[in-house]
Amino acid sequence: MLCDKEKRKLKDSYDTPLFGTLAADSPIPKNKIGEQPLEPALAYRLIMDELMNEGNARLNLATFCQTYMEDEAIRLMSETLEKNAIDKTEYPQTAEIEQRCIRIISDLWNAAETDTAIGTSTVGSSEACMLAGMAMKFRWRKRASVLGLDVNKKPNLVISSGYQVCWEKFCVYWDVELRQVPMDTECMSMRPDAVLNYVDEYTIGVVGILGITYTGKFDDLKAIDQILEEYNALTEHKVYIHVDAASGGLFVPFVNPELCWDFRLNNVVSINCSGHKYGLVYPGIGWILWKDKEYLPEELIFEVDYLGGKMPTIAINFSRSASQIIGQYYNFIRLGREGYRRIQQKTQDVAHYLAKEIEKTGRFLIYHDGSNLPVVCYTLKEKTGQEWTLYDLSDRLLMKGWQIPTYPLPVNLEDTVIQRIVCRADLNYDMAELLMRDIEEGIRELDEAVILPHAKDKKPKVYGFTH
């Protein structure tokens, strides 16, 4: 590398190769902004080079987030990045497209044909869950005040122990007690018959999950609704359901439309989903809908008039690109119901294939075979003779580029460690076969490895191989 004095004597010319430029021979700014601008192609290349050692998103089977979109969708989104989704007076057609998406989703979730549902796009399901939680708390507070309860006492929220961390955040942010209904090995979701054990007059709502993050299984929303229907008939302290359908909300309507989990249920009053999961849009889009305006407290609707006209806004975030909304609408009109059905059914078929092949190895106990969400979860069988763990298998697969998580189940099941494969639209049969080849090869290598246990670490370490 040249010293600064030597560099000052040199000058780049138009034909200087990119990696022969003086700037390319200097450290990239990391803690302070650089003094001089860089040529665009060089700035691009330097950043891309920094990202080279990251994993391949297509091989990341830990995430539910979409990792593939068509070129036309990418072009459409890149050409609309500058549009602010909140500025509905400046971009009225974008606002109309958002409302079209809400009406389409409302129809998929079987809202009333009277068009009484109300909703908004969000950055993702985490923001949507915050809005849902606030609506539940505000409704409870108003109801509690009328019924003479102490509104200063901490209220509670009832949810399965398989909840996504955004609900824990909501409860911390808004001073709500999180009451977890524990899962067990016989029911890897919320037990409907246990729900009322956690409900009282200070319960703001019950959250049912359509696609538990840990396992991919669904809560039995129909059974929970029936239990709350009977409960609400006997008390003034009504308790309603919000469905966290982050993963299942744009999957189930296409592969299992008969499943009754949505606004067809009397006590389901709000639902959220992630458009960037099985809505097939790149990360950055979620949706939250309420069955009727009466379930969205007026305090959560804000009127703003400093962007050129008076407009209501529900979302927490105020400035964000509309490109993901437009990407969602592209998918809706491009794929249609049949296109979504084919993609989602193929994804579920791949999950079933992987579950069967993994079970054939004889090493694993399948907890979920993709019958709800296209997610495959499994644990090691006991007394199969191997000294290695699922953590070791994750490490072996990572060497091939596959990112497959291993983790313990939540409260009451912490001693059970499972591995999870999330099947997405871009995981086709050919890739699934390659994955199985690498899983089987990883098993063979681990069987032949020299495993030295660590006393301070529950996870054994693979130190060497015999071949």
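Predicted model: local features only at pLDDT ≥ 70, side-chain atom pairs only at ≥ 80, totals over all residues.

Student: Got it. Where does Leu 51 sit?
Tutor: Leu 51 is in the loop between α2 (40–50) and α3 (71–78). Those labels come from DSSP runs: helices are H or I with at least four residues, strands are E with at least two, and both are numbered from the N terminus.

Student: Zooming out, how many helices and strands are in the chain?
Tutor: The chain has 11 helices and 15 strands. Its C-alpha trace spans about 80 × 70 × 45 Å along the principal axes. Of the 467 residues, 50% are buried.

Student: What about helix packing: at what angle do α4 and α9 pack?
Tutor: Helix α4 (residues 92–108) and helix α9 (residues 323–360) pack at about 50 degrees, with axes 9 Å apart. That makes α4 oblique to α9. Axes here are lines fitted to C-alpha atoms, for helices over the stretch in contact, and angles run from 0 to 180 degrees between N-to-C directions. Under 35 degrees counts as roughly parallel, over 145 as roughly antiparallel, 65 to 115 as roughly perpendicular, and the rest as oblique.

Student: Is the crossing of α4 and α9 left-handed or right-handed?
Tutor: The crossing of α4 and α9 is left-handed. Left-handed means the near helix is turned anticlockwise from the far one by less than a right angle, and right-handed means clockwise.

Student: And how do α10 and α11 cross?
Tutor: The axes of α10 (residues 390–399) and α11 (residues 429–447) come within 9 Å and cross at roughly 120 degrees. That makes α10 oblique to α11, and their crossing is right-handed.

Student: Which salt bridge does Arg 396 form?
Tutor: Arg 396 pairs with Glu 445, and their closest N and O atoms are 2.5 Å apart. Arg 396 is in helix α10 and Glu 445 in helix α11, so the pair ties together parts 49 residues apart in sequence. A salt bridge needs a side-chain nitrogen of Lys or Arg within 4 Å of a carboxyl oxygen of Asp or Glu.

Student: Why do they pair up at all?
Tutor: Side chains of opposite charge can pair when their charged atoms come close.

Student: Are Arg 396 and Glu 445 buried or exposed?
Tutor: Arg 396 counts as buried, at 14% relative accessibility, and Glu 445 counts as buried too, at 17%.

Student: How many salt bridges are there by that rule?
Tutor: The count comes to 21 salt bridges. One of them joins Asp 262 and Arg 264, with the closest N and O atoms 2.9 Å apart. Asp 262 is buried, at 1% relative accessible area, while Arg 264 is partly exposed at 34%.

Student: Which residues are linked in a network of salt bridges?
Tutor: Arg 58, Arg 424 and Asp 426 are linked that way. For Asp 426 and Arg 424, the closest N and O atoms are 3.7 Å apart, and both residues are buried.

Student: Last topic, backbone angles. What is the phi of Asn 110?
Tutor: Asn 110 has a positive phi of about 60 degrees, although it is not a glycine. Asn 110 lies in the loop between α4 and β1 (118–122). Asn 412 has a positive phi as well, near 80 degrees, and is in the loop between β12 (406–408) and β13 (417–422). Asn 412 is exposed, with a relative accessible area of 54%.

Conventions. Residues numbered from 1 in each chain as written. Heavy atoms only, no water. Buried < 20%, exposed > 50% of the residue type's maximum accessible area, 1.4 Å probe, protein only.
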